[in-house]
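I opened the notebook to go through one model, taking aromatic pairs, strands and a few single residues in turn.

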Amino acid sequence: MDGKIEENRSVMNYLTFLLIFPETKKIKSVGVKYKLQDFTALDFEKMKKKGTANLDIKAWIKSLKDKGLSPILEVLYTGTDSAEACFVKQQYIINHKDEGSDIIGVKISTKKYTKRLRTNEDTRNPIIDQFGVVYPGVLEAAEKLLLAPSNISKVLHGKLEHIGGYKFRFHED
C-alpha cells in the first residue's frame, strides 16, 4: 500500500502491517503501529524504542535505502481496537511460521520451559482464552500461540489487558 493513512484525532488508530523485501517479495517483518500520522514504512528509521527487532528492522531498511530500494508495505488491519490489531499480527505469525520466512522479531521459543512443564504437570492450572479454547497450562498456550509464557501470566494476573490479541483467565472446571 502506497500513500498515507489519515489519523482520526479523537481516537487512537492501530495498523497491523507487513514489510516485504522488494526484490524477492518475501515478508521481512510483521508489526503493529499506533498513533498513526502519515505512516510509511520508512518511518521505522525514526523508531525510538530500543529492541533487537526494531534495530534489525532499521538496519534492514537502511540497507535497502542504500541500494535505492524501500520495503513494500502491506496493511493487514487498520482500526481502533488494539487487541484486534495484535490478534491479526499473532494469527499471521502462527499461520505463516512454517513457510520458512526470515521474519525479523519473531524468535519466540518455549523450549527452555519444557523441562519445567514436565516436572510441574500436577500443579498446573488450566487457562481459557476469550474464544473458549482451554489450555492445560500457560506453557501449552504459549507454545501453541507463539506467545511468551511470562506475558500470558501477566494477562492472567491483571498486569496486561491482552497479549497478541488474546485475553486469558484461569479455567475452573
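Entry 1, aromatic pairs. I took rings of Phe, Tyr and Trp, with the six-membered ring for Trp, as a pair if their centres lie within 6.5 Å. Planes under 30 degrees apart I called stacked, over 60 edge-to-face, and the rest tilted. The model is a predicted one. By this rule I got six aromatic pairs.

I looked up Phe 21 and Trp 60 from this set. Their ring centres are 6.3 Å apart and their planes stand at 35°, so I logged the pair as tilted.

Next I took Tyr 166 and Phe 168. Here the centres are 6.0 Å apart and the planes 20° apart, and the pair is stacked. Tyr 166 has 4% relative accessibility and therefore counts as buried. Phe 168 has 7% and therefore counts as buried. I then asked which cluster these rings belong to, and found one aromatic cluster made of Phe 87, Phe 131, Tyr 135, Tyr 166 and Phe 168.

I listed the elements of the protein and got five helices and six strands. From the N terminus on, their order is β-β-α-β-α-α-β-β-α-α-β. The protein has 173 residues, of which 38% count as buried. I also looked at contacts between residues at least 6 apart in sequence: 58% of them join residues at least 24 apart.

How many of the residues of strand 1 are buried? I found seven of the seven, so strand 1 is largely enclosed by the rest of the structure. I sorted the residues by side. Tyr 14, Thr 16, Leu 18 and Ile 20 are buried on one side, and Leu 15, Phe 17 and Leu 19 are buried on the other, which leaves both faces covered.

I then looked for the partners of strand 1. With strand 2 it pairs in the antiparallel sense over seven bridges. In that pairing Leu 19 stands opposite Ser 29 of strand 2. The hairpin of strand 1 and strand 2 has six residues between the strands, and in it I noted Lys 25 with a positive phi near 65°. Strand 1 also pairs with strand 3 (residues 72-79), again antiparallel and over seven bridges. Thr 16 stands opposite Tyr 77 of strand 3.

I traced an open sheet of three strands in the order 5-4-6, with antiparallel pairing. Strand 5 (134-135) and strand 6 (168-170) are at the edges with a single partner strand each, so one side of each has no neighbour in the sheet. Strand 4 and strand 5 run antiparallel and are joined by two bridges. For Ile 128 I read off Val 134 in strand 5 as the bridge partner.

What is the nearest side chain of opposite charge to Asp 129? It is Arg 169, at 8.6 Å. A salt bridge needs a side-chain nitrogen of Lys or Arg within 4 Å of a carboxyl oxygen. Asp 129 is buried yet has no salt bridge. I did find that the side chain of Asp 129 reaches the backbone nitrogen of Val 133 at 3.0 Å. Leaving out residues up to four places away in sequence, I listed what Asp 129 touches: Tyr 135, Tyr 166, Lys 167 and Phe 168. Tyr 135, Tyr 166 and Phe 168 are also members of the aromatic cluster in my first entry.

In helix 2 (residues 82-96) I looked up Ile 93. Its relative accessible area is 7%, so Ile 93 is buried. I set Ile 93 against Val 30: they are 63 residues apart in sequence, and 7.8 Å apart in space from C-alpha to C-alpha.

For helix 4 (residues 138-145) I listed the buried residues, which are Leu 139, Glu 140, Ala 141, Ala 142 and Leu 145. Leu 146 follows helix 4, and I noted its positive phi, near 55°.

Definitions and conventions:
Residues numbered from 1 in each chain as written. Predicted model: local features only at pLDDT ≥ 70, side-chain atom pairs only at ≥ 80, totals over all residues. Heavy atoms only, no water. Buried < 20%, exposed > 50% of the residue type's maximum accessible area, 1.4 Å probe, protein only. Helix = DSSP H or I, 4+ residues; strand = E, 2+ residues; numbered from the N terminus. Lys, Arg positive; Asp, Glu negative; His and termini not counted. Polar contact = N/O pair within 3.5 Å; in protein donor to acceptor, adjacent residues only side chain to side chain. Contact = heavy atoms within 4.5 Å. Pairing = 2+ DSSP bridges.
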